[in-house]
Structures are given as structure tokens and as C-alpha cells.
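Biologist: Could you walk me through how the chains in this model come together? I have a few questions ready.

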Protein chains: 2
Amino acid sequence: LIGGSLARALRQRAAVGEIVGAGRGEASLRRALDLGVIDRFSTDLPSAVNGADMVVVAVPLGGVGEVFAAIADTLPEECVLTDVGSAKGSVVAAAVRAFGRPPANFVPGHPIAGIEKSGVEVSFPELFRHRRVILTPLLETDAGAHRRVRHMWQATGAEVIDMGVEHHDEVLAATSHLPHMLAYALVDSLARMDDRAEIFRYAAGGFRDFTRIASSDPQMWHDICVANRKHLLEVMEHFSRDLDRLRLAVEDRDGEAIMDIFRRAKQARDNLYLD
Amino acid sequence: LIGGSLARALRQRAAVGEIVGAGRGEASLRRALDLGVIDRFSTDLPSAVNGADMVVVAVPLGGVGEVFAAIADTLPEECVLTDVGSAKGSVVAAAVRAFGRPPANFVPGHPIAGIEKSGVEVSFPELFRHRRVILTPLLETDAGAHRRVRHMWQATGAEVIDMGVEHHDEVLAATSHLPHMLAYALVDSLARMDDRAEIFRYAAGGFRDFTRIASSDPQMWHDICVANRKHLLEVMEHFSRDLDRLRLAVEDRDGEAIMDIFRRAKQARDNLYLD
């Protein structure tokens, strides 16, 4: 989804020359070729990066280290390397493992865009338009490489922002990783209840929107849990305490405490979006 | 929203004669009149039900008892009484308090439809189309009254289903009341974090849908918490245990347990809806 949408967006803006798809899954690479998303493909990573100006690693977080290791020896000196992972600390660590230290041309990135579906078939060039892309350049990062990655994402219509690695992972744990845990845990919790068929039959209007993110790719989210474990655990504990507080307020029939929580939440949500 | 949308739907289908709005808030009754949603209004409940064939109580759950008490003496013998509350046990209890025992013409009801906005201004006649309305008739309920309420909701395009009071409250606690608690608790939890401005700025795509229900009316949801307290507490405890289990799986780096939860949830969600 992410790699294909980036390729389509750059092609549409004529911001790219040849696009080479690389990976292990020949079937999906062939589909990408048939769809005109890529110009050619290779299932051999070391040779695929030959002659590349820019390598974008767009695989689930658990596979990033393996990709880095596979291309470490053949990545051209001047080639810019970036990724699209939803957690950045683990990607930087993987780069250190593969390259000895973070390459000067390595610019960690994270487009905050996505839908619950995966695969090149559902990719589309507008995915990043008006979305934010966070780059987390390191002290070692070359200014020119940083600029080239920024320009690439700007060409897709995204707003590009810089942030520290640690701070990125904290903020995304709260705003993205935690909500996914809640949606997965809720749907699974209901699915394991005795009267599950009936429960889902009467799922009310808001339920559909609320649980949409539980349709996201399990492997991708498993990898995010592992990659951003520390920060995710922190926000999960924080949230559990807050949910306990609400449960106690309901138990104690503490109307004022309940209303405080609901009012603050509604105000914060209303200030965020005009639906 | 609910009362106004019902009035609009019945009018559109020519399934209603005169529509009388009744309540304490003269301003909103006047708006309903100006919008053509009602034919006249009254702020005096006892006299408002004079000559009525059907009375639909569409107020937050905390106000239902007061409305029942106000109309108990003047409700015409043959008039059918129904309500739209999201929890049914407390409404039945309120009817017993006001009338001594559940009136034979009383048919508790719950349209499973709604948006996070409230008020007659946002009401629309299609709100109930293809939605479910659950009726929870009692042993005492007259078959003719039951039929009239069913026909009324069918005229709005809804599918009408019967269910026991207790079972309704259990199922709705899981599918509607619990998700609202999670959305409110999450948004409030994030809103009280130190870097709240930044956190919300980077809220990812799914966050908007996930938190939409946190924009719902706080008073209405406070009342639902109180009215369905017992069942809500049960599902909150159940969910908290399941969330703890997921947190422990992340803590223990138990990839299999994480994947099990995510896969089951995705499958259940995908089977429910084709987004």
C-alpha cells in the first residue's frame, strides 16, 4: 500500500525516473508491474539496489533489519536510504546493526497515512495528499539526503515535519498504536463472548467506525508492538489506569467524575475535527 | 435528534396525523416548529398528552422517570406509550415507579441509530432507514400496543426486533456502551498528557473514526452509564482483563499471543462489514 502509493504519486508528478520494485513475493511484484506501478522488479535485494538514487524500504517493521542487512554491501555510496516504519527507534537500531553505524545518507521517515487494507492493488497516488510525513534525521544524517527525502514526500502532496526519534515513538504510541490495541482488544473480547453472533448483530452505528482499524494487517501491527514495545506499554498502562478511574466513577455513581471525563473528551475531540 | 427524526420520517411517509412536541426547552420546541418538524408544542407535559394516540418519550435516560411521573395521571387510557432509551431495565423500573405497574400500553423501545450530534437541527427522516429498532415488550404488554409501535418504526424504514429487557441491556453494554467508554477515556487520557497539543497534531488517519463517538452528548452518556451500570461494569471489567492480557503479551514479547488476538479480531471485524 505505502510503497505502491508512493510510486504512483511520484509517477503522477513526474518526480521519478525508473521505479524498481524489490522483494521476496514475486506474485505481488508482478501485479505491481502489470498495474504500471513499477517499471521492473527483482527478487534479489543486493542487485536490486544497483544504480539506485533512492531506496525506500516499505516492509513491516519486523523485516526492516533483514532488508538493511541484504543491501548493506551493495547500496551505492551516494544513494539515499529511507523507510516508512511506524516506529523509528527500532529502524535506527536495525541500521546500526546492518551498517555498523547509521549511514550519512539514511533518513528515517514515517508517512502518517494508511487505510486498513494492504497490498499494491489498493494503492493510490492521493494517499499522502494533505497528510503528514514525519522525518527523524539523526546527528549523522547528511543535509542533502534529508532534503531529498523531504522533497520526495512533498511531491506527493504531504506536509513534511522533522521530529526526534524518541519523541516520534512516544507520540505515535499514544495517537496510533494505543487506539489500534483498543480496537483489536475490543473486537476480540466481543468475539469471544458466548452470544457473539447476537452481539455483533446489534452493533450500533458508531461501532463500525470505532472498530475499522481492527481490520488492519495483524503482522504489521504485531511488528509495531514489538518495535515500539517500551512506549506502547507506557501508554497502555496509562490508559488502563484512566479506564479504571472511569469504571470506579460508574461503580460509585459519581456523576460529576463521569461528566468531567466525558466533557473534557468531547471538547478535545470537537476542537480537533469538524466532522 | 431521535424525536425530530422520527417525526420527520413519519410525516414523510404520511404515517402520522398531528405531531405535538412537548418538553421544557421552549427554544428547541420553537425551532422544531419553525423547521416544520412538529405542528404545535407545549411546555406543559400533563396537558400535552391530552388526546394523544401515541406518546414517544425521547429524552436522556435520566429524565424518563420525571416525564412518566408528569404524564401518569393524564395519559389517555387507549394511548400507546413508548420510549427510545439506550438501556431498558431502568426505563421499565421508572414506569413501575410512575404508574404503579407497567401500563399494558407501554412498549419499551430502542432505535439503534444515532450520530454524535444532538438536537432537532440535525434531525433527518432517513436516520432509521435500514437500522434496527429493538422492542422489549413485557409480559403485561398489550399485543395491539406492541403492534402499533412496531408499525410506527417499520414506517421509518427500520427493521424491528423483539428482545428481553435484560438481554437487550447486556448486548448493548457490549456493543455500544463499552465502545463509548473507551473512546471517551482515550481522548480524555491523551488530552491530559503533557504534550497534548503535539499528540493531537499527529493523530493518524484511523484516530478520527476511532474517536468520533467521543463527540457524543456527555449528559446522554452519563445517563446511560447510570441506567445500565450493572451490565456496563461487567463488560468494562471483562474488557480490562482482555486488554491486560494483550499488554502482558506485548511485555513478554509473546508474538503468538499478539498475533492470535489481532487475527481473531480482524477476522471478526471483516466478517461483520465490507467497508
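Modeller: Happy to, and please keep in mind that this is a predicted model. Chain B can be laid on chain A with an RMSD of 0.0 Å, using a turn of 180° and a shift of 0.0 Å along the axis. The two copies are thus related as by a two-fold rotation axis.

Biologist: In chain B, which residue has the C-alpha nearest the axis?

Modeller: With the turn being 180°, we can look along that axis in chain B. The C-alpha in question lies 2.1 Å from the axis, and it belongs to B:Phe210.

Biologist: How much area do chain B and chain A bury between them?

Modeller: The size of an interface is often given as the accessible area lost when the parts come together. Here 88 residues of chain B are in contact with 88 residues of chain A. Of the area buried between the chains, 67% is on carbon and sulfur atoms, and the total is about 8,400 Å².

Biologist: Which residues of chain B lose the most area to chain A?

Modeller: Three residues together account for 9% of what that side buries. They are B:Tyr202, B:Phe210 and B:Phe262.

Biologist: How are α12(A) and α7(B) oriented to each other?

Modeller: Helix α12 of chain A and helix α7 of chain B pack with their axes 8 Å apart, at an angle of about 75°. An angle of 65 to 115 degrees counts as roughly perpendicular. Therefore α12(A) and α7(B) are roughly perpendicular to each other.

Biologist: Which side chain of chain A meets B:Asp242 in a salt bridge?

Modeller: The count between chain B and chain A is six salt bridges. In one of them, at 3.0 Å from N to O, the partner of B:Asp242 is A:Arg192.

Technical notes:
Residues numbered from 1 in each chain as written. Chains lettered and ligands numbered in written order. Predicted model: local features only at pLDDT ≥ 70, side-chain atom pairs only at ≥ 80, totals over all residues. Heavy atoms only, no water. Axes fitted to C-alpha atoms, helices over the stretch in contact; angles between N-to-C directions. Helix = DSSP H or I, 4+ residues; strand = E, 2+ residues; numbered from the N terminus. Parallel < 35°, antiparallel > 145°, perpendicular 65-115°, else oblique. Least-squares fit on C-alpha atoms with pLDDT ≥ 70 in both. Contact = heavy atoms within 4.5 Å. Buried area = accessible area lost by both parts, 1.4 Å probe. Salt bridge = Lys/Arg side-chain N within 4 Å of Asp/Glu carboxyl O.
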